[in-house]
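Please look over the sequence and the three-dimensional structure below before reading on. The briefing that follows takes up a few places in the chain and then turns to the helices.

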Amino acid sequence: MPTTGKLQSNPGEKFVDQKLYRSMIGSLLYLTATRPEIAFIVGCYARFQADPKESHLKAVKRIIRYVSGTVDYGLSYSMDTNNSLVAYSDVDWAGCVEDRKSISGGCFYVGQNLVTWHSKKQNSQSL
């Protein structure tokens, strides 16, 4: 994901085929079950399924190129006997340009093994 710029609807841009965009997003959402590194960005671009623009399609194609170049990546679990539960979380403050809502995320480890992760756009605005 680019570190500069914010995601937005880009009203002056050309529309793209909604069916194609939804198909691509659906395939990527299926992949997030085993690829936590793409879960956040796929969720961000999934918000534009109702009104996809050329810049959104270009970004989704970039994610697909990343996935095709990293097919050997995935989750691996060790036989670690450490049963400690460790959680990490973070939130951006008003990260969505359009509605000023924050996005929070986190991941949970048992020992050294990643067991679950999440990313969610908050229901209310931060003031």
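S102 counts as buried, because its relative accessibility is 4% and the cut-off for buried is under 20%. The model in which this value was computed is a predicted one, and the points below should be read with that in mind.

**Confidence of the prediction**
- Averaged over the chain, the pLDDT is 85, and 93% of the residues score at least 70.
- Among the elements of the chain, α1 has the highest mean pLDDT, at 93, while strand β3, which covers residues 113-125, has the lowest, at 84.

**Two serines in strand β2**
- S102 has its place in strand β2, which is made up of residues 101-110, and a polar atom of the S102 side chain lies 3.1 Å from the backbone oxygen of D92.
- S104 is also found in strand β2, and S104 counts as buried because its relative accessible area is 17%, where the cut-off is under 20%.
- The side chain of S104 makes a polar contact, at 2.6 Å, with the side chain of Q122.
- When neighbours within four places in sequence are left aside, the residues in contact with S104 are D90, V91, H118, S119, K120 and Q122.

**Helix α2 and its cover**
- Helix α2 is mostly covered, since 6 of its 8 residues are buried, namely A39, I41, V42, C44, Y45 and A46.
- The elements that cover these buried residues of α2 include α1, α3 and β3.

**The largest nonpolar core**
- The largest nonpolar core has 17 residues, and those that touch the most other members are Y21, L28, Y45, V60 and I63.
- Each of the helices α1, α2 and α3 supplies at least two residues of this core.
- In general, nonpolar side chains in soluble globular proteins tend to be buried together.
- Once its neighbours within four places in sequence are left aside, Y21 is in contact with Y45, F48, Q49, P52, H56, L57 and V60.

- K14 is found in the segment before α1, and K14 counts as exposed because its relative accessibility is 56%, the cut-off for exposed being over 50%.
- Although K14 and S55 are 41 residues apart in sequence, their C-alpha atoms are 8.8 Å apart in space.
- With neighbours within four places in sequence left aside, K14 is in contact with K53 and E54.

Key:
Residues numbered from 1 in each chain as written. Predicted model: local features only at pLDDT ≥ 70, side-chain atom pairs only at ≥ 80, totals over all residues. Heavy atoms only, no water. Core = buried A, V, L, I, M, F, W, Y, C linked by side-chain atoms within 4.5 Å. Buried < 20%, exposed > 50% of the residue type's maximum accessible area, 1.4 Å probe, protein only. Helix = DSSP H or I, 4+ residues; strand = E, 2+ residues; numbered from the N terminus. Contact = heavy atoms within 4.5 Å. Polar contact = N/O pair within 3.5 Å; in protein donor to acceptor, adjacent residues only side chain to side chain. pLDDT = per-residue confidence, 0-100.
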